Amino acid sequence: MSVVRIEHVYKDYQLGEQTVQALHDITWSIDAGVFLAISGPSGSGKTTLLNLIGCIDKPTRGKIFINEDDVSEKSANELADLRARSIGFVFQTFNLLPVLSAAENVEYPLLRRADISPDERKARVNYFLDIVGLGKFANHRPNQLSGGQRQRVAIARALAIKPSIVLADEPTANLDKATGREILSLMKQINRRLKTTFIFSTHDQKVIDRADRLVQMEDGYITAFGVRNETDKSWNLARVRTLPESENE
Ligand SMILES: Nc1ncnc2c1ncn2[C@@H]1O[C@H](COP(=O)(O)OP(=O)(O)OP(=O)(O)O)[C@@H](O)[C@H]1O
């Protein structure tokens, strides 16, 4: 089943008089359970695409389905509800609330879920802090944690709602290489263990090398889809578009 389906999506931004075409005619379907990297140079449209999949922003044209539910026509409240139930976010800059402890940060997205009891909230906080290896750091505030530990808290926070998708925008960009590798291994373990779909953007070849699906972007177009060959770990790349002449030069 597709966890995300994108049909002929365009995204334009208006900058004064100028229209910036950030995405052009994206059609794509993402299978549940994949560990997927979106790669491409700066400005190619990775963040824009993640924001649309995460229902933080709406396409200018086209349709997006999350778990086969058409989100294009939903109201802001309906989208907030969908995000609170189905989509976890991990950011390059961690985005933890500095006055809250690690446990309180993980609990935070659960507070808007009336269907989750206080006992269940506590149980989930403990469970997901353990999963990311931070059970002993529950009472630490973000400034008492290392960069890697902060990103672990952010991953636990993303997972606490038991989302079908975790979206991560350059999750290792603010970490040193070794810590970045650890965070990626942790995300991959969680992907295997909980079958959560991970979709992350990156410039980093080492990060791309850990993915099992790949989408390459350039100038707002998807230029290739990749599927990892599990036997020899090579990529089977299907090129889907050559850029228009002027953009190829
Ligand atoms: N809010 C905005 N207003 C106007 N233009 C925007 C806005 N957000 C993004 N853009 C433009 O849309 C295009 C795609 O940007 P986007 O941030 O999606 O790229 P990216 O691949 O994520 O880049 P990076 O790797 O640098 O984060 C760029 O040309 C960018 O300048």
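Biologist: How many residues does helix α5 have, and what span does it reach?

Modeller: Helices are DSSP runs of H or I with at least four residues, strands are runs of E with at least two, and both are numbered from the N terminus. The expected span of a helix is 1.5 Å times one less than its number of residues. Here α5 (residues 147-160) has 14 residues and reaches 20 Å from first C-alpha to last, close to the 20 Å expected. Bear in mind that this is a predicted model: local features need pLDDT of at least 70, side-chain atom pairs count only at pLDDT 80 or more, and totals for chains, interfaces and linings use all residues. Residues are numbered from 1 along each chain as its sequence is written.

Biologist: Why is α5 largely enclosed?

Modeller: A residue is buried if 20 or more other C-beta atoms lie within 10 Å of its own, exposed if 12 or fewer, and partly exposed in between, with C-beta atoms placed from the backbone. Eleven of the 14 residues of α5 are buried, so the rest of the structure largely encloses it. Among them are Arg-150, Val-153 and Leu-159.

Biologist: And β3, which of its residues are buried on each side?

Modeller: Phe-35, Ala-37 and Ser-39 are buried on one side, Leu-36 and Ile-38 on the other.

Biologist: Which strands pair with β3, parallel or antiparallel?

Modeller: Two strands count as paired if DSSP finds at least two bridges between them. β3 (residues 35-39) pairs in the parallel sense with β8 (residues 197-202) over five bridges, and with β9 (residues 213-218), also parallel, over four. Ala-37 stands opposite Phe-200 in β8, while Ser-39 has Gln-216 of β9 as its bridge partner.
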